[in-house]
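Hello,

Here is the structure I said I would pass on. My notes on it follow below.

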Amino acid sequence: MTESLQGEGTGDDGVDEALGALAELSDAPLRAHVSAFEAVHAALQDRLAESDR
């Protein structure tokens with residue numbers, strides 16, 4: 001998923017930063033994935049909440 005975003009981005013720095021964290025998971029142990037997904041999910045939810053204001 002993030003491979004298609006490399007070099008292009010989404011146009012939203014907050015979203016790009018959150019998605020960028022997923023790229024680092026390929027070398028991380030599987031148990032680290034859950035907390036990373038939760039953190040990205042929270043960051044994206046925060047960004048969505050900000051866009052509603």
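Which side chain meets that of Glu50 in a salt bridge? The side chain of Arg47 does, at 3.4 Å from N to O. A salt bridge here is a side-chain nitrogen of Lys or Arg within 4 Å of a carboxyl oxygen of Asp or Glu.

Before the rest, the conventions. This is a predicted model, in which local features need pLDDT of at least 70, side-chain atom pairs count only at pLDDT 80 or more, and totals for chains, interfaces and linings use all residues. Residues are numbered from 1 along each chain as its sequence is written, and side-chain values use heavy atoms, with hydrogens and water left out.

Overall

The chain has two helices and zero strands; helices (H or I, at least four residues) and strands (E, at least two) are DSSP runs, numbered from the N terminus. Of the 53 residues in the chain, 19% are buried. Buried means under 20% relative accessible area, exposed means over 50%, and partly exposed is in between, with a 1.4 Å probe and protein chains only. The chain exposes about 4,200 Å², and carbon and sulfur atoms supply 52% of that area. Accessible areas come from the Shrake-Rupley method with a 1.4 Å probe; for residues, only the protein chains shown count as cover.

Salt bridges

The count is two salt bridges. In the one already mentioned, Arg47 and Glu50 both lie in helix 2, three residues apart, which is about one turn of the helix. Glu50 is partly exposed, with a relative accessible area of 44%. Salt bridges that share partners join Asp12, Arg47 and Glu50 into one network.

The other salt bridge is between the side chains of Asp12 and Arg47, at 2.7 Å from N to O. Asp12 lies in the segment before helix 1 (13-23) and Arg47 in helix 2 (residues 30-51), so this pair ties together parts that are 35 residues apart in sequence. Asp12 counts as buried at 19% relative accessibility, whereas Arg47 is partly exposed at 26%. Asp12 has a further contact at the start of helix 1: one of its side-chain oxygens reaches to within 3.0 Å of the backbone nitrogen of Gly14.

Which residues of helix 1 are buried? They are Val15, Ala18, Leu19 and Leu22. Seen down the helix axis, they fall within an arc of 90° and so line one face of helix 1; the arc is that of the directions from the helix axis to the C-beta atoms. The face turned away from the buried side carries the exposed residues Asp13 and Glu17. Helix 2 is included in what covers the buried residues of helix 1.

The largest nonpolar core has seven residues: Val15, Ala18, Leu19, Leu22, Leu25, Ala36 and Val40. Such a core is a set of buried Ala, Val, Leu, Ile, Met, Phe, Trp, Tyr and Cys residues joined through side-chain atoms within 4.5 Å. Helix 1 and helix 2 each supply at least two residues of this core, and the largest share, four residues, comes from helix 1.

Leu25 and His33

Not counting residues up to four places away in sequence, Leu25 touches Ala32, His33, Ala36 and Phe37; contact means heavy atoms within 4.5 Å. His33 is found in helix 2 and is buried, with a relative accessible area of 18%. Leaving aside its neighbours within four places in sequence, His33 is in contact with Leu25 and Ala28.

Regards

Conventions: Polar contact = N/O pair within 3.5 Å; in protein donor to acceptor, adjacent residues only side chain to side chain.
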